[in-house]
Amino acid sequence: MVTKKPYCSYKKNRHCRIRGDGALSLLLLPSIMGLLIFYIVPFILSIYNAVIDNPANRNFVGLQNFAAVIGSESFHLALFNTVIFTGVCVVFNLVFPFAIALLLNRIKVMQNFFWLIFLLPMVIPSGSMVFLWQKVFGLNGLINLLFFKDIPKDWINSPVSFFIIVFIFLWKYAGYNIVLLFAGLNQIPNEYYEYAEVEGAGNWRKFTSITLIYLTPAAFLAFVMALINSSKIYREIFSLAGAYPHQNIYLLQHYMYNQFSAINYQKLASSSYIVTVGFVLVVLCLFFTQRKISENF
Amino acid sequence: MRAKFIKAFILAILLFSAAVFFLPLLIVLTNSFMSSFEVLNRYSLRIIPSNDFGTNGVIHFVEFGVIPRMATFSQYDALLFQTRVYIGYFYNSLKLVTPIVAGHLLIAIPAAYAFEVSSFKFKEAVFFIYIVIMLLPLQVTLVPNFIIAEFLNINGSYLAIILPAIFNPFGVFLVRQYLKGFPREYIEAAKLDGAGHFRILKSVTLPLVMPAVAALTILIFIDYWNVVDQTVIFIHDSTKKPMSVYLAYLAKDIDIGVAFAASCFYMLPAVIVFLFGQDYMVEGIQLSGLK
């Protein structure tokens, strides 16, 4: 994810520079303009909405809107659920793909076949699987048929819904991280293992001292991807449980999208700033942790 | 001998996980060839006289199966030819995703090229902003999207989804990642021959970044084919909703007789794109990571 240095330093190597930067700006301009118009400028301007009381009066209220969002119970619930959900999903989505990638790396047969199977769920639209999941977890579903025939329950609208969503998430996005981690494993030079063997290192030692260490960059990336992908889970929740799901799977997305339908600019702007700051802090922390780890070897 | 045994064991574990991953899809696929009557018999909640086993006296439980009692295209027939509803929603999805993919490629490829060859002093700083926006979760970036849609008065139309999607920084990032491994000498040579940037982009760079373009096309297509969040926020007219959202309603509806065929019909374009471009997609995923 981190940008590499350019192929050659433009300042030092004159010959690298291509004249006619006017044409280059022309190529770049649409993208930058679009980004400014649809993302950056409205985001910055929305600070105005965050500090006024309402669009009609337009009185300056300072940080009151922020305080209102942070103080509201539904925001607490949404934040709490999102943090827990993201944490659980990210852990599962690292451990399971790591195991699969290790096994795949060990035997290296039928690679294309396994890619096909593990990546396929990722391209399947959420809507296409709704009916099936409902018939697995719903009132007359497979789970009830097998275990709770006498007291069947709709598990999608129960406290267990959380784990159902985690399961579906894993089914869908594990393939992405399997590919990433497998590529990471393949990048570790075989010689390292051979040297270790000569030095008399056992399998476990090789695993902890070579595999785990040199996989850190790929694992970090997989971590970030799992983090990003976990914000896409709204699709599954919406498809399965609608816009107002059980409170166990009421996420920040639900909180924010409800403000959209109410067109509450004040809450919308302030909550988006809060989420952005939180998210950027988390990513920065991760980034520096990874730096630290990488520096140590 | 022992090594062979271990290998076989590992393969068995992998095949088992693969089977677990594939089973849900297999059921959806094969069950789409059952008659509506059979689907109703197998999956209906209410006890129906024609099939009363698998009940607890109050409700009827599902009877999952992979092989239809009698294979038929009747679900597809009902879906595609008896009514225009599904075709309509499918068409909505197409109308949404086609301009997004085309526009995204059109904007992202030149921008990625410009980022890579430009000698602009702050280009890495600007690119960093691209990456930050790319990483932000959807619920955050949707807020500026919404504000500008209200401002431009396009809330409620597909444009409110299409325009921000076209300018999403993901494509610029992915293509530039690929360009980094690209031999600079090609550009130099073209330059010496008197080609301008447009010419180099078209005749030199574009043919060489085709794998990245393919990967990008697939990733963008499957992402927006499955668009839900934006639809919930921007599209209020129910006839304009894409298939992704409509199917969620369908599953809770009474029309379960065609549910599997509708699911297959809807996933078909994504699966075809995937099967043709699987290698590119794997490459694209690895590209999004390896520096």
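User: Is B:Val62 buried, partly exposed or exposed?

Analyst: This is a predicted model. In it, B:Val62 is buried, because its relative accessible area is 3%, and the cut-off for burial is under 20%.

User: Where in chain B does B:Val62 lie?

Analyst: B:Val62 belongs to the loop between helix H2 (36–43) and helix H3 (74–82) of chain B.

User: And what is B:Val62 in contact with, leaving aside neighbours within four places in sequence?

Analyst: Its contacts come from both chains. From chain A they are A:Lys135, A:Asn140, A:Gly141, A:Leu142 and A:Leu145. From chain B they are B:Arg42 and B:Tyr43.

User: How many residues separate B:Val62 from B:Arg42 in sequence, and what is the C-alpha distance?

Analyst: B:Val62 and B:Arg42 are 20 residues apart in sequence, and their C-alpha atoms are 5.6 Å apart in space.

User: Let us turn to B:Val273. Which helix holds it, and is it buried, partly exposed or exposed?

Analyst: B:Val273 is in helix H14 (residues 259–287) of chain B. It counts as partly exposed because its relative accessibility is 25%, which falls between the cut-offs of 20% and 50%.

User: What does B:Val273 touch, not counting residues up to four places away in sequence?

Analyst: B:Val273 touches B:Ile218 and B:Phe221. As for B:Leu206, which is 67 residues away along the chain, its C-alpha atom is separated from that of B:Val273 by 21 Å.

User: Now the packing. Which residues touch the most other members of the largest nonpolar core?

Analyst: They are A:Met129, B:Tyr113, B:Phe234 and B:Met281, in a core of 192 residues. Helix H4 (residues 85–117) of chain B contributes the largest share of this core, with 17 residues.

User: Take B:Met281 from that list. What is it in contact with, leaving aside neighbours within four places in sequence?

Analyst: B:Met281 is in contact with A:Leu119, A:Met122 and A:Val123 from chain A. From chain B, its contacts are B:Ile218, B:Leu219, B:Ile222 and B:Phe274.

User: How many residues of helix H8 in chain B are buried?

Analyst: Helix H8 (residues 170–179) of chain B is mostly covered, with 9 of its 10 residues buried. Among them are B:Phe170, B:Val172, B:Phe173, B:Leu174 and B:Arg176.

User: How many disulfides are found?

Analyst: The search of the whole structure gives 0 disulfides over all chains. On individual cysteines, A:Cys89 counts as buried because its relative accessibility is 1%. B:Cys264 is likewise buried, because its relative accessible area is 7%.

User: Last topic. How much space lies in the largest pocket, and which residues lie nearest its centre?

Analyst: About 790 Å³ of space lies in the largest pocket. It is lined by 20 residues, and those nearest its centre are A:Leu102, A:Asn105, A:Arg106, A:Tyr193 and A:Thr211.

User: Which helix gives the most to the lining of the largest pocket, and how does the lining split by class?

Analyst: H9(A) gives the most to this lining, with 5 residues. By class, the lining has 10 nonpolar, 5 polar and 5 charged residues. Helix H1 (2–31) of chain B is also among the elements that each supply at least two residues to the lining of the largest pocket.

Key: Residues numbered from 1 in each chain as written. Chains lettered and ligands numbered in written order. Predicted model: local features only at pLDDT ≥ 70, side-chain atom pairs only at ≥ 80, totals over all residues. Heavy atoms only, no water. Core = buried A, V, L, I, M, F, W, Y, C linked by side-chain atoms within 4.5 Å. Buried < 20%, exposed > 50% of the residue type's maximum accessible area, 1.4 Å probe, protein only. Helix = DSSP H or I, 4+ residues; strand = E, 2+ residues; numbered from the N terminus. Contact = heavy atoms within 4.5 Å. Disulfide = S-S within 2.5 Å. 1 Å grid on protein atoms, 1.4 Å probe; cavity = no way out; pocket = protein on both sides within 12 Å on 5 of 7 lines; lining within 4 Å. Points joined across faces, edges and corners; volume = space filled by probe spheres on them. Nonpolar A, V, L, I, M, F, W, Y, C, P; charged D, E, K, R; others polar.
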